[in-house]
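This report concerns the salt bridges of one protein model. Please consult the sequence and the structure shown below while reading.

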Amino acid sequence: MEQIELMAPCHFGLEAVVKREVYDLGYEISKVEDGRVTFMGDLEAVAMANIHLRCAERILIKIGEFEARSFEELFEGITHLQWEDYIPKDGRFWVSKATSVKSKLFSTSDIQSIAKKAIVKRLSSIYNIDWFDENGEDYPIRITIMKDVVTVGLDTSGPSLHKRGYRRISSEAPLSETLAAGLIKLTPWKADRILVDPFCGSGTIPIEAALMAANIAPGLNRTFTAEAWSNLYPDNTWQGVRDEARELIDTDIETDIQGYDIDSDVIKIAFNNAKIAGVDSLIHFQQRDVAKLSHSKKYGFIITNPPYGERLMDKDELGDLYSTLGEAYRRLDEWSMYVITSFEDANRYIGRKADKNRKIYNGMIKTYYYQYLGAKPPKRR
């Protein structure tokens with residue numbers, strides 16, 4: 001099957017995680033940039049990536065790349081791309097999003113409008129028609145201009161891949177599913193190790209951990225825009241990928257994944273979300289204050305997203321909260337702790353300098369992923 005270039009945008013700071021995920025699916029990486037991993041694959045790879053990648057935001061087919069410093073160059077560049085390879089005569093196509101960074105072309109609305117006209121011109125000459133009814137399937141297009149380099153992609157996902165379908169109700173300031181999965185993958189946690197989130201909110205971190213433990217593909221229970229592209233997928237490609245993914249599921253695995261929150265209503269939300277995700281039997285949710293965090297076993301993991309003070313708390317309260325978290329962590333025997341926060345004094349109040357620190361953007365908020373490393377458990381004989 002013919003190879004095409006695919007792009008997987010992701011949170012800034014998770015590029016290495018997405019790269020490893022793509023490698024694990026068996027595809028060749030062609031480029032890694034800030035916030036995006038590009039790789040080679042066939043049309044089946046579109047289905048594989050959408051259904052299996054846990055940390056990418058969406059999957060785009062790369063239509064082309066060129067330089068443009070004027071709208072005339074943008075128009076010409078768009079018209080030279082082979083849109084007819086993807087968009088049929090009745091396809092509904094539009095530029096769903098355009099972004100521009102450090103480029104001469106900065107008006108995103110003008111970029112969208114001119115790109116649409118250029119695509120119409122190209123397809124009009126190919127299909128020999130002057131008017132497009134656009135009553136067929138959706139073919140959304142995304143354009144990024146970085147330092148005058150235009151990258152054009154066809155969006156195969158539709159709604160962002162963080163929308164797994166299990167989070168019907170959220171707590172305030174929830175962590176996205178893709179970011180939660182990335183935080184877990186940045187640790188050495190495995191399904192046979194203990195994991196506790198003492199600020200679990202709507203349960204995203206424990207649920208993503210349980211999905212990994214049971215080997216449940218994150219996109220298994222949702223649909224994608226490209227599934228309706230009968231001009232590209234005339235057979236049962238998507239169903240075949242789903243069937244193979246279902247065969248890999250193991251919900252009988254033994255786990256010790258726990259989620260705590262001080263709010264009982266939030267715990268109910270977390271449990272319901274886990275039930276929708278099919279992993280409620282793998283997680284223990286409980287109303288509990290972080291001050292009462294304890295566990296009898298060694299070598300566990302805390303992976304958590306405590307309040308930052310950006311939206312949820314007065315910043316004067318944060319010092320006490322992080323001090324309490326630090327005290328609870330010190331009572332645990334040889335545990336590791338991973339904390340994502342924008343609270344710049346987190347280290348000081350936790351009472352220990354992090355062994356590692358990684359900058360990650362949670363939406364538009366710059367956060368730090370503080371990593372406090374415990375001892376490794378002895379190797380099993």
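With which residue does R69 form a salt bridge? The partner of R69 is E67, and their closest N and O atoms are 3.0 Å apart. A salt bridge here is a side-chain nitrogen of Lys or Arg within 4 Å of a carboxyl oxygen of Asp or Glu. By this rule the count comes to 16 salt bridges.

The model is predicted: local features need pLDDT of at least 70, side-chain atom pairs count only at pLDDT 80 or more, and totals for chains, interfaces and linings use all residues. Residues are numbered from 1 along each chain as its sequence is written, and side-chain values use heavy atoms, with hydrogens and water left out.

| Salt bridge | Closest N and O atoms |
|---|---|
| R69 and E67 | 3.0 Å |
| D345 and R348 | 3.5 Å |

Buried means under 20% relative accessible area, exposed over 50%, and partly exposed in between (1.4 Å probe, protein chains only). Both R164 and E208 are buried. R69 is partly exposed, at 41% relative accessibility. In the pair of D345 and R348, D345 is partly exposed at 32%, while R348 is exposed at 55%. Elsewhere, salt bridges that share partners join E5, K31, K62 and E65 into one network.
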